[in-house]
Amino acid sequence: MVSGPNGRRVTVRDIAARSGVSIATVSRVLNGREHVAPETRDLVRNAAEQLRAGAPGPARAAGGAVYLRCPYLLTDYFGLIVSAVAETLALHGRAVLLDAGTAAQQASVLPSLASRPGIAGAIVILPPEPGEQLAALSARGFPLVVVDPRTPVPRDIAAVSAAHFAGARSMTAHLAGLGHRRIGVIAGPHNWLAGQARLAGHASALADAGVLHPAELTRAGEPTTEFGRRAAGDLLTRPDPPTALVCFNDKTAVGALAAAAERGLRVPGDLSVTGFDDIDLAQATSPALSTVRQPLAEMGRMAVSLLLRLLENQRVEGLNIELQTRLVVRDSTAPPRE
């Protein structure tokens, strides 16, 4: 505890709210313990000094810029969301401060974001930061919207995502309707919400067809083309290979198509392959991919709508919004070979 103006005691909770870090981290700093990053230690100490001196918290810039954080390469999936956010904000006369690129993943941005001048609020896309940083930022009254959260976010934080469970379920139901029962899954990381929801949707559709999905037919990893190629190759060299492959996204599906071609398998004659997202790549493959369309641009527009309402202090209900996905059947799926 420290004393503020007029003898008021400043609590660790006050310091946590001002600095944007967890109460546990504040306690470690105040008690001089190790395992705290230098920049975080400075942030906590500065917040304590400001509270002791009675300095006001950072004023929210009502007409300020929106901080748009997307710590990934802006191609395909991410580029479509970022473009929709920027274009929609421009329609409302809002400037954008873009923080993008894989190098941005190493930057510790969120703890100090509420203290930066000229920033009205933020939209973060698939944030790699731990949920406690998002919670601490929100606890300071900072307007924040998460697009496609990687991990669960607190209920009081606005979030927009696609209906991953329903989308995956519709794709597997399509394959089951064609007669497939032994279906391999090239999944995303197990600790991603989208990965968990899509696996659950896949299992649900198989259960409706009277099939229990065997764990040995699942490979999980970073959703890249190379991972899709390796994972598909592994599944296709099994003694009893799958007749269809459900892929986490269109990129991993492209890798799966390459693995099939390397083994002389025809798609869809010998093997059905599906994607997810419906980016331009899905129609450029041969054969064109059956996939699940995510409303990527609409996700960006919805995020802006929620943020503007938060900036205007409007009540926002249904904070965690799922937008509908749609099954798109093209040429990469067919009944299994007899």
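On a 1 Å grid over the protein atoms alone, a cavity is a set of points where a 1.4 Å probe fits but cannot get out, and its lining residues have an atom within 4 Å of a point. Grid points are joined across faces, edges and corners, and a volume is the space filled by probe spheres set on the points.

This is a predicted model: local features need pLDDT of at least 70, side-chain atom pairs count only at pLDDT 80 or more, and totals for chains, interfaces and linings use all residues. Residues are numbered from 1 along each chain as its sequence is written, and side-chain values use heavy atoms, with hydrogens and water left out.

**View 1. The cavity.** The structure holds one cavity of 30 Å³ or more. The volume of the largest cavity is about 120 Å³. Its lining is made of 16 residues, and A168, V185, R198, V246 and C247 lie nearest the centre. Two or more lining residues come from each of α7 (164–178), β8 (183–187), α8 (193–208) and β10 (244–247). Helices (H or I, at least four residues) and strands (E, at least two) are DSSP runs, numbered from the N terminus. Helix α8 gives the largest share of the lining, four residues. By class, the lining has 10 nonpolar residues (Ala, Val, Leu, Ile, Met, Phe, Trp, Tyr, Cys and Pro), one charged residue (Asp, Glu, Lys and Arg) and five polar residues (the others, Gly among them).

**View 2. The salt bridge of R69 and D99.** A salt bridge is a side-chain nitrogen of Lys or Arg within 4 Å of a carboxyl oxygen of Asp or Glu; the structure holds 15 of them. R69 and D99 meet in one, at 2.6 Å from N to O. R69 is in strand β3 (residues 65–70) and D99 in strand β4 (residues 96–100), so the pair ties together parts 30 residues apart in sequence. R69 is buried, at 1% relative accessibility, and D99 is buried at 13%. Buried means under 20% relative accessible area, exposed over 50%, and partly exposed in between (1.4 Å probe, protein chains only).

**View 3. The salt bridge of D76 and K251.** The side chains of D76 and K251 meet at 3.6 Å, N to O. D76 belongs to helix α4 (residues 76–91) and K251 to helix α10 (residues 250–262), 175 residues apart. D76 is partly exposed, at 33%, and K251 is partly exposed, at 27%.

**View 4. The salt bridge of R337 and D270.** The closest N and O atoms of R337 and D270 are 2.7 Å apart. R337 is exposed, with a relative accessible area of 59%, whereas D270 is buried, at 16%.

Conventions:
On a 1 Å grid over the protein atoms alone, a cavity is a set of points where a 1.4 Å probe fits but cannot get out, and a pocket is an open set with protein on both sides within 12 Å along at least five of seven lines; lining residues have an atom within 4 Å of a point.
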